[in-house]
Structure formats: C-alpha cells, structure tokens
Amino acid sequence: MSGGHSSYEPTTGLGKWVDSRLPLPRMVYDSFIAYPVPRNLNYAYTFGAMLAVMLVVQILTGVVLAMHYVANVDLAFGSVEGIMRDVNHGWLLRYLHANGASFFFIAVYLHIARGLYYGSYKAPREVLWILGVLIYLLMMATGFMGYVLPWGQMSFWGATVITGFFSAFPLVGEWIQQFLLGGFAVGQPTLNRFFSLHYLLPFVIAGVVILHVWALHVTGQTNPTGVEVKSKTDTVPFTPYATLKDALGVVIFLLAYSWFVFYMPNYLGHPDNYTMANALKTPAHIVPEWYYLPFYAMLRAITFNVGPIDSKLGGVLVMFGSIIVLFFLPWLDTSKVRSAVYRPWYKLFFWLFVADCILLGWLGSRQPTDTYTLMAQFGTLYYFGFFLVIMPVLGLIETPRRLPNSITEAVLEKSAKA
C-alpha cells in the first residue's frame, strides 16, 4: 500500500514549478487523497481524525491562553480568573482547552481500544504502535503539567503527590523529584518548569504524530478483518471514501465536545481547583484528573511489601509498568490472527479488560477503603494478567474462526448476510 508510483499531475505552470522544487502538494495528494485504504473500514477507524482535530484545537487555544497567563505563584490563579472575565471570549478559550484535554483522552482511549480489538499492533506495525504509545505518554505528561497551571488547590496538591512518587525510587528518586520541582517543594520554580514544558510538549506530540502517520503509510492501514490487502479491488481512495466517514465521525464527536463546553464546562473538572492553592490546607480527597484514575487506583492497590520492595515503590512500579507493558504488546500477543472478530475467546477477555479499566477508573475516584482496595487489587491483577498471561496463552491454544481469503471476500460475505 506504499511506495507506488504517484498519480499526481500538476496542471498549472506554477504547480509544475513548485512540484519540481518542493513537492508538498504531491505529498498531500498521495497521502490524503489518492492513498489507498481498505474498502471495509468502519467508524472505529475515525478516532485518528478526531485526535488530529483535538490536537489542533489544544495547540491553538493553548497558544492564545498563554498570551494572558502569568506563571507566578501569586498571580497565576488570578490570571486564569482574569482570562475568564476580562479577555474577550476568554471563558470560551479556557473551556475549550480544559474540556479539550478530556476529549483528547476520550478519543485516544477509544483509539487504543480499537487497536487492541483489531490487532493493529501486530507485525509489521510494531513501530507504528510504539510511536502511538509514546504519543500517549507525552499526552499524559502534558495533561499533568497543564493541570498544575491554574494553581488551584487540586493543582497544587496533585503536583505535590504525583511528583512525590519519584522519591520512592532508591538512590535517584530524591534527585528526580527535586529536579522536577526545582527545589524541595512545589513552588515558583515548579510552576515555571511546568508552564514551559506544557507549552513545548504539544509541538513534540505533533512531531511524533507526523512520524506515526508516516509509519502508517509505510505499512498500510489495518482493517476489521485483520487480513492484509492483496489487490487493488481490496482498496478505495482515501478521498472521498475515508474522508467522508472521518468527517461524520468528527462532527458527532465535536457535537458531544460542544455540549460539555457550553452546558457542562466544569463537569469533568474538580471544584477544589476554584480555590487558590494553599500549602497549609490539604484537600480532604486528593485525586488526579479522570483520565489518570485507573493508574491511580493501581498505584493505591499495592498496600503490601514484596521482599525489599516496599509498598510505595511497588505501587509506583505497578503504575509505570501498566503503561510500559503496552510497548511490548506486539510481542506478547502470540496469535497469528489479528482481529478479535475471528477470535471468540480473545473477544470475551477483551471486553472484560475494558470493563476492568472502567472499574479501576471508578475505584481511583473513591476513598481507599478496605473493600475498594481489595477490588483495585483484583482489577490490577486482571490488567496485567490480560497482557502477560491471557494474550500469550490464547495465542497458543485458541482456535480462530475461518478467516476470509481477502477483504473483498469479507465485504461480499457481509453483504450477503445483510
């Protein structure tokens, strides 16, 4: 699906002149118009377009907000309130940016789930998947640093708790924590560093996204059957077939996003962040943003020591391990069949995994009682068991359903059933 002869032909003298010196129009044409995609793509493949739109929204709104934000511990909270009240349409910009972060993560979780369900991480797309996980890590870092900038109570104490995790690492932990904070506690150097990195990282994400798309175009798009493209009859041009589907998915996604921006702008946030940061007053229940809650639940689930590893270090290792394990997914899944459509047992365990992640997210928002901690321990066990045990074992013992010989055959079979 890549490396074919370009069909782009400039029709004007200026077009020919530009094409011979900087063939940018040719690249756009080959990548987003004539690029062949499997003819059976469904709406689960529109989440990438949603992510691209949200990245642009976050960068544009973030740049304008940065023009009015003051990275000073005495003025940051007031500057955010000033943006809301005194800057023309400042309230809209802030709500677009704050809710945009949540919807960015909604889209990325759906995108990851689709990749898990259809086996988009399998060879030859290992680099594509690894770049995607790297983007996710950068998003998590960017979101955390952005959450600190309003300098509210949850911003301050969230930064205190999360940076405190690094102190659990022996020998280098204290140094890493002080490097992140710029001192021994959350203060002015911390705010300066987080503001600088929060401004920088979205552009780094954009760069890795370019590599992600490049890797996609080298290996070609997957499809719901998991069967590779075998002939031109299996494909259609990206435009108009995929672009129209992407456009519809993006419009529906933006409608939901707009509903939250205009009618429930603070629903996904925390009310304590409308109180200025106070180092002398700890909130009753410190929680991160909702998109970190499953990992927060796994962190708190480790309440016991394992040999020389105490519970604090164990929790931090489990939390970071829950993300690091994703990098090795292409080699953990030993099945030769990509799509869960033809793997009934994998499909069952996949949906249990989705339910487990939702449960962990809910547990992360609760007070850590004995019952909730026990539930989080079982949830954490299943999370790692899914990747480290279930995937390798199912790949060896599961008997898949009959695969179609080609994408065209799968489309015809689906049409016949309909």
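**Figure 1. The side chain of Asn273 meets the backbone of Ser155.** In this predicted model, the side chain of Asn273 comes to 2.8 Å from the backbone nitrogen of Ser155. Asn273 belongs to the loop between helix 10 and helix 11. Its relative accessibility is 10%, and Asn273 therefore counts as buried, the limit being under 20%. With neighbours within four places in sequence left aside, the residues in contact with Asn273 are Phe77, Tyr147, Pro150, Gly152, Gln153, Met154 and Ser155.

**Figure 2. Helix 12 contains a kink centred on Gly321.** Helix 12 runs over residues 311-327 and has 17 residues. From its first C-alpha to its last, helix 12 reaches 25 Å, close to the expected 24 Å. The kink amounts to about 35 degrees. Helix 12 is mostly covered, with 12 of its 17 residues buried. Gly321 is one of these buried residues, which also include Leu313, Met319, Ile323 and Phe327. The partners against which the buried residues of helix 12 pack are helix 6 (126-148), helix 11 (293-301), helix 13 (329-332) and helix 15 (370-397).

**Figure 3. Two aromatic pairs are arranged edge-to-face.** The whole structure holds 41 aromatic pairs. In one of them, the ring centres of Phe105 and Tyr292 are 6.0 Å apart and the planes stand at 70 degrees, so the arrangement is edge-to-face. This pair links distant parts of the chain, as Phe105 is in helix 5 (residues 90-118) and Tyr292 is in the loop between helix 10 (238-263) and helix 11, 187 residues apart. Phe105 is buried, at a relative accessible area of 3%, and Tyr292, at 10% relative accessibility, also counts as buried. In the pair of Trp362 and Tyr372, the ring centres lie 5.2 Å apart with planes at 85 degrees, and the pair is therefore edge-to-face. Trp362 is placed in helix 14 (residues 344-364) and Tyr372 in helix 15, 10 residues apart. Trp362 is partly exposed, with a relative accessible area of 39%; Tyr372 is partly exposed as well, with 26%.

**Figure 4. Ring pairs form a cluster, and arginines lie over aromatic rings.** Ring pairs join Tyr45, Tyr117, Tyr118, Tyr346, Phe350, Trp351, Phe353, Tyr382, Tyr383, Phe384, Phe386 and Phe387 into a cluster. Over the ring of Tyr346, a member of this cluster, sits the charged end of Arg343, 4.3 Å from the ring centre. Arg193 lies over the face of Phe179, at 5.5 Å from the ring centre.

Figure 5. Pro124 is located in the loop between helix 5 and helix 6. Pro240 is located in helix 10.

**Figure 6. Trp151 and Leu171 have positive phi values without being glycines.** For Trp151, phi is about 60 degrees. Trp151 is part of the loop between helix 6 and helix 7 (153-164), and Trp151 is buried, with a relative accessible area of 4%. For Leu171, phi is near 70 degrees. Leu171 is part of the loop between helix 7 and helix 8 (173-181). The relative accessibility of Leu171 is 89%, so Leu171 counts as exposed, for which the value must be over 50%.

Key:
Residues numbered from 1 in each chain as written. Predicted model: local features only at pLDDT ≥ 70, side-chain atom pairs only at ≥ 80, totals over all residues. Heavy atoms only, no water. Helix = DSSP H or I, 4+ residues; strand = E, 2+ residues; numbered from the N terminus. Expected span 1.5 Å × (residues − 1). Bend = angle between axes of the 7 residues up to and from the residue. Buried < 20%, exposed > 50% of the residue type's maximum accessible area, 1.4 Å probe, protein only. Contact = heavy atoms within 4.5 Å. Phe/Tyr/Trp six-rings, centres within 6.5 Å; stacked < 30°, edge-to-face > 60°. Lys NZ or Arg CZ within 6 Å of the ring centre and 35° of its normal. Polar contact = N/O pair within 3.5 Å; in protein donor to acceptor, adjacent residues only side chain to side chain.
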